[in-house]
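Here are my notes on this model, written for someone new to reading structures. Keep the viewer open and check each point as you go.

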Amino acid sequence: MDLGTVVAERRIEAVAQDGTRFEVVVRLGTPRPDPLSSNGDWLCPHQIAGLGSEEVAGAYGVDSLQALLLSVYSVRVKLAESGVTLDWLGMPELGLTVEPALR
């Protein structure tokens, strides 16, 4: 899968079990219509660089927003399962979830 135009990127500090520090980079591509869908579904590609395989994966949704949100969720799951300590500004879940207070 091709990442395409990168619309968002986050650089995350990582610490391996042996104490080695390194950078992990998350990239989200522009959501686009899924060329294999006959229902008008969308896909949003994403890539995680610095944790081994840097292949581009994608998440699918019924529209571009759902595909984007599911791609971010997929990245969160992959990072949580990475086995390394990750930090981005001390934010829980690396700042990849947002629940602003509703007024």
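1. **A serine in the helix.** Start with Ser-71, which is found in helix H1. This is a predicted model. Is Ser-71 buried or exposed? Ser-71 counts as buried, because its relative accessibility is 0% and the cut-off for buried is under 20%. Its contacts, leaving out residues up to four places away in sequence, are Leu-28, Cys-44, Pro-45, His-46 and Ala-59.

2. **An alanine in the helix.** Ala-67 also lies in helix H1. Ala-67 is buried, with a relative accessible area of 0%. Which residues does Ala-67 contact, beyond its neighbours within four places in sequence? They are Trp-42, Leu-43, Cys-44, Ala-59, Tyr-60 and Gly-61. Now look at Pro-31. Ala-67 and Pro-31 are 36 residues apart along the chain, yet their C-alpha atoms are separated by 6.7 Å.

3. **The helix as a whole.** H1 has 17 residues. From first C-alpha to last, H1 reaches 24 Å, close to the 24 Å expected at 1.5 Å a residue. The buried residues in H1 are Ala-67, Ser-71, Val-72, Ser-74, Val-75 and Leu-79. Look down the axis of H1: these buried residues fall within an arc of 160°, so they line one face of the helix. An α-helix has 3.6 residues a turn, so residues three or four places apart point the same way.

4. What covers the buried residues of H1? The cover includes S1, S2, strand S4 (42–49), strand S5 (56–61) and strand S6 (85–87). The face turned away from the buried side of H1 carries exposed residues: Leu-65, Leu-69 and Ala-80. Colour both sets of residues and turn the model to compare the faces.

5. **A valine in a strand.** Val-24 lies in strand S2. Val-24 is buried, and its relative accessible area is 0%. Not counting residues up to four places away in sequence, Val-24 touches Arg-10, Arg-11, Ile-12, Ala-14, Ile-48, Ala-49, Gly-50, Leu-51, Leu-79 and Leu-86. Take one of these, Arg-10. The C-alpha atoms of Val-24 and Arg-10 are separated by 8.3 Å, and the two residues are 14 apart along the chain.

6. **The largest pocket.** Rolling a probe the size of a water molecule over the atoms shows where empty space is left. The largest pocket here has a volume of about 250 Å³. Its lining consists of Ala-8, Glu-9, Arg-10, Val-26, Leu-28, Leu-68, Leu-69, Val-72, Val-75, Gly-95 and Leu-96. Which element gives the largest share of that lining? H1 does, with 4 residues. Strand S1 (6–15), strand S2 (21–29) and helix H1 (64–80) each supply at least two lining residues. By type, the lining of this pocket divides into 8 nonpolar, 1 polar and 2 charged residues.

7. **After the last strand.** Phi of Leu-89 is near 55°, a positive value in a residue other than glycine. Phi of Leu-94 is near 60°, again positive in a residue other than glycine. Leu-94 counts as buried, at 10% relative accessibility.

8. **Further along that segment.** Ala-101 is found in the segment after S6 as well. At 72% relative accessibility, Ala-101 counts as exposed. Ala-101 and Glu-81 are 20 residues apart in sequence. In space, they are 29 Å apart, C-alpha to C-alpha.

9. **The whole protein.** Now step back. The protein has 1 helix and 6 strands. From the N terminus on, the elements run β-β-β-β-β-α-β. The C-alpha trace spans about 50 × 40 × 20 Å along its principal axes. Of the 103 residues in the protein, 30% are buried. Among contacts with a separation of 6 or more, 43% come from residues 24 or more positions apart.

Technical notes
Residues are numbered from 1 along each chain as its sequence is written. This is a predicted model: local features need pLDDT of at least 70, side-chain atom pairs count only at pLDDT 80 or more; totals for chains, interfaces and linings use all residues. Side-chain values use heavy atoms; hydrogens and water are left out. On a 1 Å grid over the protein atoms alone, a cavity is a set of points where a 1.4 Å probe fits but cannot get out, and a pocket is an open set with protein on both sides within 12 Å along at least five of seven lines; lining residues have an atom within 4 Å of a point. Grid points are joined across faces, edges and corners, and a volume is the space filled by probe spheres set on the points. Ala, Val, Leu, Ile, Met, Phe, Trp, Tyr, Cys and Pro count as nonpolar, Asp, Glu, Lys and Arg as charged, and the others, Gly among them, as polar. The expected span of a helix is 1.5 Å times one less than its number of residues. Buried means under 20% relative accessible area, exposed over 50%, partly exposed in between (1.4 Å probe, protein chains only). The arc is that of the directions from the helix axis to the C-beta atoms. Contact means heavy atoms within 4.5 Å.
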